[in-house]
Amino acid sequence: FSFDKMAAIKIVNPNADITRAAQALLMNINVAKGLQDVLRSNLGPTGTYKMLVSGSGDIKLTKDGNVLLHEMQIQYPTANLIAHAATAQDDITGDGTTSNVLLIGEILKQSERYLAEGQHPRVLSEGIELGKIKALQVLEKIKVVRDVSDRELLSNVARTSLRTKVHNTLADQLTEIVVDALLTIKRPGVGGLDLHMVEIMTMQHKTSADTNLIKGLVLDHGARHPDMPRKLSNAFILTCNVSFEYEKSDQNASTSYSSADQRAKMVEAERVFVDEQVRKVIELKRTVCDTNDKSFVVINQKGIDPMALDLFAKEGIIALRRAKRRNMERLTLACGGVAVNSVDELTPEVLGHADNIYEHALGEERYTFIDGVKNPLSVTILIKGPNAHTITQIKDAVRDGLRAVKNTIEDGSVVPGAGAFEIAAYEEIMKSRNEVQGRAKLGLQAFAEALLVIPKTLASNSGFDPHDTIIGLQEEYQKGHVVGIDVHTGDPLDPAAEGIWDNYRVKRQLLHSSTVIASQLLLVDEIIRAGKSQTKGE
């Protein structure tokens, strides 16, 4: 590199920090390998956990790559780039973060030996691109189109995802909860699923084994009057956005009175307005609750003043005020009925229904459970745990499990897991080497070798020799079988027979994003730290 070129940036910015050519490339490769080594041990159901300790001493136990990359403080720019690419993968598909980091690191690692022999990075990046295209063709061939209304298939997909996040016993329990939740909110004839209709609530109470699915709603507040009943059955639910309290005018207006009687009349007039609204609700309650086994609940988005609460309590009505808007939207989907903005002309048709409504007090917190609703289109997953880090771990796992099942329903297909796709892709890419002319086949070979990092890591995390395991899988594939690794024995297994399935879109996104980032990093020949300073006067 000429002195003139080296000096050019120094003339523009004398303080610039420059890393050139082979040194820049070697640094990028080492950073990618370093990040790969951090996450390598977390891959798969037999992966180990990382304990993250924040500056304030909060502990988080996890082997979820997305959580690790979000929580870790990463300072080097290349590592940051890889981390952002991997977390973007999670944002788009809900899984594959660890695999993404491993694959990017391995592509660069396999390319390193060719670079050391003097090959140009552009030649390798062209070969890597050809390898990606071939791998995507293999993915299309190996994917299995299945009936996504099959509960067993959805359970297998959720279990495969969840076992890589939490221990097996809890994963199996969460699998049933996640699949039940999504099958409950799935609307016939509607393709997509709205995961916002699955509310995730947390209670620091009991153990993680007590986590359960409520086919209804859990509201994080209770009744505001001591005389209101704490439990009702066969309840009609009025969902409303009406102010049961006297509201001050928006305009700056003042009222004067000359005697105490006038003031009393004014207060009475205000009270009459609110009492009239309460009376209309009570009349509706008396109309629909014609027998003693029926009850009535009012859930209001706006306020209810103490006098109105007292009137409702005397009628045996549970009244909840200032409910969150997101809960108001879910209420009508879960319980039926229509949300009303006025109490004029109320009819029984606007009411929802639930079999059981009860309040649960936990220290200072109160929770209202609305359970036993017919045809709910919104549900609540209630996560319980003895401490904050257990709850956080389960919450992260449940989100991933929900995304895995949603992906399967929307894709209409699945991919054999346990490293089966990577073995198949490696074999098919190596067969196609002779179709590629010139030095690009070196990049193709580097990409094929890099794909084996997934089954190799699964084997080493399970305590088996990676090379013995890979040779066994390759021999079995050459006999015409699609095989993955059995993490308990290290032997080849049939993923379809064992119910080990990966998401099609996760694998597709993984191939796209990892090759783009790895190719871009290979083509970096200069790292210049000469950005504008945020400090004034520099």
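**Pockets, helices and salt bridges in a predicted model**

Biologist: Which element gives the largest share of the lining of the largest pocket?

Modeller: Among the lining residues, P45, T160, T164, I500 and D502 lie nearest the centre of the pocket. By class, the lining has 14 nonpolar, 19 polar and 12 charged residues. The largest share, 5 residues, comes from α7.

Biologist: Is N156 buried or exposed?

Modeller: N156 is placed in helix α7. Leaving out residues up to four places away in sequence, N156 touches G499 and W501. Its relative accessibility is 13%, and the limit for a buried residue is under 20%. N156 therefore counts as buried.

Biologist: Which residues does S111 touch, not counting residues up to four places away in sequence?

Modeller: S111 is found in helix α5, which runs over residues 97-116. With a relative accessible area of 0%, S111 is buried. The residues that S111 touches, beyond those up to four places away in sequence, are L124, I128, A446 and L522.

Biologist: How many residues apart in sequence are the parts that E71 and K60 tie together?

Modeller: Side chains of opposite charge can pair when their charged atoms come close. The side chains of E71 and K60 meet in a salt bridge, with 3.0 Å from N to O. E71 belongs to helix α3 (residues 65-71) and K60 to strand β3 (residues 59-62), so the pair ties together parts whose separation in sequence is 11 residues.

Biologist: Are E199 and R330 buried or exposed?

Modeller: E199 and R330 form a salt bridge, and their closest N and O atoms are 3.1 Å apart. E199 lies in strand β5 (residues 198-204) and R330 in helix α11 (residues 325-335), so this pair ties together parts that are 131 residues apart in sequence. As to accessibility, both E199 and R330 are buried.

Biologist: By about how much of a helix are R279 and E283 separated?

Modeller: The salt bridge between the side chains of R279 and E283 has an N to O distance of 2.1 Å. R279 is partly exposed at 35% relative accessible area, and E283 is partly exposed at 39%. An α-helix has 3.6 residues a turn, so residues three or four places apart point the same way. Since R279 and E283 are 4 residues apart in helix α9 (residues 260-288), their separation is about one helical turn.

Biologist: How many salt bridges does the structure hold?

Modeller: Some salt bridges share partners, and in this way K406, E410, D411 and R505 are joined into one network. For the structure, the number of salt bridges is 27.

Biologist: Which helix supplies the largest share of the lining of the largest cavity?

Modeller: The structure holds 1 cavity of 30 Å³ or more, and the volume of the largest cavity is about 30 Å³. T62, D64, K165, Q393, D396 and A397 line this cavity. By class, these are 1 nonpolar, 2 polar and 3 charged residues. The largest share of the lining, 3 residues, comes from residues 388-411, that is, from helix α12.

Biologist: What distance separates the C-alpha atoms of D486 and L25?

Modeller: D486 lies in the loop between β15 (484-485) and β16 (492-493), and it is buried, with a relative accessible area of 18%. Setting aside neighbours within four places in sequence, D486 is in contact with F464, D491 and L493. D486 and L25 are 461 residues apart along the chain, and the separation of their C-alpha atoms is 37 Å.

Key: Residues numbered from 1 in each chain as written. Predicted model: local features only at pLDDT ≥ 70, side-chain atom pairs only at ≥ 80, totals over all residues. Heavy atoms only, no water. Salt bridge = Lys/Arg side-chain N within 4 Å of Asp/Glu carboxyl O. Helix = DSSP H or I, 4+ residues; strand = E, 2+ residues; numbered from the N terminus. Buried < 20%, exposed > 50% of the residue type's maximum accessible area, 1.4 Å probe, protein only. 1 Å grid on protein atoms, 1.4 Å probe; cavity = no way out; pocket = protein on both sides within 12 Å on 5 of 7 lines; lining within 4 Å. Points joined across faces, edges and corners; volume = space filled by probe spheres on them. Nonpolar A, V, L, I, M, F, W, Y, C, P; charged D, E, K, R; others polar. Contact = heavy atoms within 4.5 Å.
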